[in-house]
Amino acid sequence: MAGHKLVNEPLWNSEDEPDPIKLGLVGWMLVFLRGLPLAVLVFGGLLVLLVVRLIERPLYGVRRPVTPFISQFVCRNAFRILGIRFRTSGELMQQRGAVVANHTSWLDIFALNARKRVYFVSKAEVAKWPGIGWLARATGTVFIERDRKKAREQTRIFETRLKAGHKLLFFPEGTSTDGQRVLPFKTTLFAAFFADELRDFMYVQPVSVVYHAPKGQPDRFYGWWGDMDFAPHLLKTLGARGQGAVELIYHAPAKVSDFESRKALAAYCEEAVRHAHALAGLEK
């Protein structure tokens, strides 16, 4: 599975080939020692979520007062099983609105859900993917279509979800990287937040996601980009003898109505994410 972007944009590729994966006997042992409990956690958590949702949905509709805590529990404990250290700084946004972050890996989904109960914004095609689509639907992912004719309909969906207290999360780079850079933010989704129905109450919180590689490994160890397949990257992560860390840096929320255009808001968020990402990277 290489189609891991949340927006259907061209893949980013490094000038250098991905590092070769060498597990060895110890690595394969770690794959099983970590992989089995991780599978039990993820799929067991999904089963519990689906059962709870059967009760939650008829009572609360689009609101989800219980199930996001299940997702958060699963994601936080996934890092404990993997042995990846997890740390955060900054205050969580209390206002209604969206969260934007740089995109490095499938691990971002676990990291961003572990600290804050969020709902991802994804291209509509993901809903049809085997396994992944089912998981995405179960956890409340918002699916969008890149069709100008449906812009008004999608704005209504955003409005409903935001007014229900949901924090929507998307990756404005449009693709993932090796984690050593922040790509220019695309302004497409920012446009929806300037609709009359959303602009006056909407906030956007930028978040920098920084990965620190295991000792002795390349800085881009956790990066997942281009045509890299999911399974080998998962095995490499599970089989790492030592693990590194993931760091989330939450920045001050920006009120949409304080910006004159989507480009200005996107530029502000990009600069906040890029600056903190660079500073954190220097601390490795």
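**Close-up views of a predicted model**

**View 1. Cover over helix H6.** Helix H1 (24-60), helix H2 (67-82) and helix H3 (107-115) are among the elements that cover the buried residues of H6. Those buried residues are His233, Lys236, Thr237 and Leu238, in a helix that spans residues 230-238. Buried means under 20% relative accessible area, exposed means over 50%, and partly exposed lies in between (1.4 Å probe, protein chains only). Helices (H or I, at least four residues) and strands (E, at least two) are DSSP runs, numbered from the N terminus.

This is a predicted model, in which local features need pLDDT of at least 70 and side-chain atom pairs count only at pLDDT 80 or more, while totals for chains, interfaces and linings use all residues. Residues are numbered from 1 along each chain as its sequence is written, and side-chain values use heavy atoms, with hydrogens and water left out.

**View 2. Gln205 in strand S6.** Strand S6 (residues 203-212) holds Gln205. Gln205 is buried, at a relative accessible area of 0%. Its side chain makes polar contacts (pairs of N or O atoms within 3.5 Å; within protein, one must be able to donate a hydrogen and the other to accept it, and residues adjacent in sequence count only if both atoms are side-chain atoms). One reaches the backbone oxygen of Glu91, at 2.8 Å. Contact means heavy atoms within 4.5 Å. Beyond four places in sequence, Gln205 touches residues including Leu92, Val99, Lys116, His251 and Pro253.

**View 3. Pro253 in a loop.** Pro253 sits between strand S7 (245-250) and strand S8 (254-255). Pro253 is partly exposed, with a relative accessible area of 29%. Leaving aside neighbours within four places in sequence, Pro253 contacts Met93, Gln95, Tyr203, Val204 and Gln205. The C-alpha atoms of Pro253 and Met202 are 9.8 Å apart, although 51 residues separate them along the chain.

**View 4. Lys167 and strand S5.** Lys167 belongs to strand S5 (residues 167-170). Lys167 is buried but has no salt bridge, and the nearest side chain of opposite charge, Glu91, is 13 Å away. A salt bridge is a side-chain nitrogen of Lys or Arg within 4 Å of a carboxyl oxygen of Asp or Glu. Lys and Arg count as positive and Asp and Glu as negative; His and the chain ends are not counted. A polar atom of the Lys167 side chain lies 3.4 Å from the backbone oxygen of Gln95. Lys167 and Leu169 point one way from S5, Leu168 and Phe170 the other way, and all are buried.

**View 5. Partners of strand S5.** Strand S2 (residues 97-101) pairs with S5 in the parallel sense, over four bridges. Strand S3 (residues 119-123) also runs parallel to S5, joined by two bridges. Strands pair if DSSP finds at least two bridges between them. Leu168 in S5 stands opposite Ala98 and opposite Tyr119.

**View 6. Nonpolar cores.** The largest nonpolar core has 42 residues, and Phe79, Leu107, Leu112, Val246 and Leu248 have the most contacts inside it. Such a core is a set of buried Ala, Val, Leu, Ile, Met, Phe, Trp, Tyr and Cys residues joined through side-chain atoms within 4.5 Å. A second, separate core of 28 residues includes Tyr119, Val121, Phe190 and Met202.
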